[in-house]
Amino acid sequence: MNASTALLTDRYELTMLQATLRDGTAHRPSVFELFARRLPEGRRYGVVAGVGRLLDALEAFRFGAAELDWLREADVVDEDTIQWLADYRFSGTIWGYPEGELYFPQSPVLIVEGTFAESVILETIFLSILNHDSAIASAAARMITAAGDRPCIEMGSRRTHEGAAVASARAAYIAGFAATSNLEAGRTYGIPTTGTSAHSFTLLHDTERDAFEAQVRALGPGTTLLVDTYDIPEAIRTAVEVAGPELGGVRLDSGDLVALAAEVRKQLDDLGATSTRITVTSDLDEYAIAALAAAPVDGYGVGTALVTGSGAPTSGFVYKLVSREASGGEMVPVAKKSKDKVSVGGRKSALRRRDTGGTAQAEVIGIDLTPVDDGDDRTLLVELVRDGVRVHHETLDDARGRLRASLAELPQSAMQLMRGEPAIDTVYEERT
């Protein structure tokens, strides 16, 4: 079994647990939902990512001897609570939007049904994973849209926490990125990896030609040479002389990329390297990628903007109790009424309302009912866990395909990078 994820949580989850165990409410059947009250400012849609990681984390959410001993030493909770945690296994049911699905304000991205005790202590780990991964995937999807048919490479490992780097590569791949520079992401998730050399490699050698010759000897003429360490035109000439017209690619990492790409393309063509690809990097985001649309660029490497969500590093998801058993045994809706943080009580279901042409019209959320499919609509929630057992197993390619299909359903205006309202409205249906 993987290392325990049980302490990747906030203290108040366990202190709530202790209090409810003492007063007898811990075992009340309950429904929690994870949702975003709003999208990041100006965004038209969000992308769900991290569900597979969440399910892995749930399987490893066990309080072993080391975790229990630390809770005792730190005096976090009492011995009765520690004994309860020693036997903890989630036994409920979880529904959710699968990876690669789009979400909108109030979409019930995750629905957790179980006792209060077994469900509440999952709050932090679930939010931690989905808030991060969905933010990265949402930013990455915008970059892929801006890039069109040109591939994007994820290369942000040096700009974030080492664990977040691997998760970011996974989320970016779901969104359509072609490869990652991160080897652990390649090993763990089977994502294609890529990379050749940095400026330090060129600077190590006595001349740029020496560096290029060494790289070509090691990696072959199909490699990509970094050509902006010194003088770019001179580097291009040297690169083609060393590797020949079959040189695989050149990378530009600084300067006016639009102008440079045009100049480099012309020079490569004049030297007979007509099939040599041009990759650009240098702090790209979706707006910079869009600005390069008319430039003769063949691919993009994206780092900092991607792993920080391109200005929206979290999805704003919250995890709220929406229904619980009353003293009479019936399930009753509950909701938070705090100003600016209102929640909607009742167990939800959801579908994407589409017109006859297949274009999304609304996010329809049923409150304690299932919205009626009028024949063109699409159900959004899938069962992830049943009676404590994981039942949802998908590949990253499944998620990539789902996102392509989900984006294709949106009105064309949703693909614009300019700030705007959510692409479709959220509509509630409830019993009257």
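Me: Is Thr 281 buried or exposed?
Reply: Buried means under 20% relative accessible area, exposed means over 50%, and partly exposed lies in between (1.4 Å probe, protein chains only). Thr 281 has a relative accessible area of 2%, so this residue is buried. Keep in mind that this is a predicted model, in which local features need pLDDT of at least 70, side-chain atom pairs count only at pLDDT 80 or more, and totals for chains, interfaces and linings use all residues. Residues are numbered from 1 along each chain as its sequence is written, and side-chain values use heavy atoms, with hydrogens and water left out.

Me: Where does Thr 281 lie?
Reply: Start with the naming. Helices (H or I, at least four residues) and strands (E, at least two) are DSSP runs, numbered from the N terminus. Thr 281 lies in the loop between strand S10 (277-280) and helix H13 (286-291).

Me: Which residues is Thr 281 in contact with?
Reply: A contact means heavy atoms within 4.5 Å. Set aside neighbours within four places in sequence, and Thr 281 is in contact with Met 155, Arg 251, Leu 252, Asp 253, Leu 257 and Gly 301.

Me: What is the volume of the largest pocket?
Reply: Pockets are found on a 1 Å grid over the protein atoms alone, as open sets of points with protein on both sides within 12 Å along at least five of seven lines, where a 1.4 Å probe fits; lining residues have an atom within 4 Å of a point. Points are joined across faces, edges and corners, and the volume is the space filled by probe spheres set on them. The largest pocket has about 930 Å³. It is lined by 35 residues, and the closest to its centre are Met 155, Arg 158, Ser 197, Arg 251 and Thr 281. Two or more lining residues come from each of strand S8, strand S9 (249-252), S10 and strand S11 (299-302). S11 gives the most, with four residues.

Me: What lines the second largest pocket?
Reply: This pocket holds about 530 Å³ of space. Of its 20 lining residues, Leu 8, Arg 53, Ile 129, Gly 163 and Tyr 189 are the closest to the centre. The elements giving two or more are helix H2 (51-59), helix H6 (123-147), helix H7 (162-175) and helix H8 (183-189). H6 gives the most, with five residues. By class, the lining has ten nonpolar, eight polar and two charged residues.

Me: What is the order of the strands in the open sheet of seven?
Reply: Two strands pair if DSSP finds at least two bridges between them. The order is S13-S12-S1-S5-S3-S17-S18, with antiparallel pairing. Strand S13 (331-333) and strand S18 (389-390) are the edges, each pairing on one side only. Strand S1 (residues 29-36) and strand S12 (residues 317-325) share seven bridges. Phe 32 stands opposite Leu 321 in S12. H6 packs on the sheet, touching S1, strand S3 (93-96), strand S5 (110-115) and S12, and its direction makes about 140° with that of S12. Such angles run from 0 to 180 degrees between N-to-C directions, with axes as lines fitted to C-alpha atoms, for helices over the stretch in contact.

Me: Why is S1 described as largely enclosed?
Reply: Seven of its eight residues are buried, so S1 is largely enclosed by the rest of the structure. On S5, the pairing with S1 runs over six bridges, and Glu 33 faces Ile 111 there.

Me: Which residue takes a positive phi in the hairpin of S17 and S18?
Reply: Asp 387 does, near 50°; this hairpin has two residues between its strands. Two bridges join S17 to S18, and Arg 386 stands opposite Val 389. On the S3 side, three bridges join S3 to strand S17 (residues 382-386), with Trp 95 opposite Glu 383.

Me: How many helices and strands does the protein have?
Reply: There are 15 helices and 19 strands. The C-alpha trace spans about 85 × 60 × 35 Å along its principal axes. Of the 432 residues, 52% are buried.

How values were computed: Nonpolar A, V, L, I, M, F, W, Y, C, P; charged D, E, K, R; others polar.
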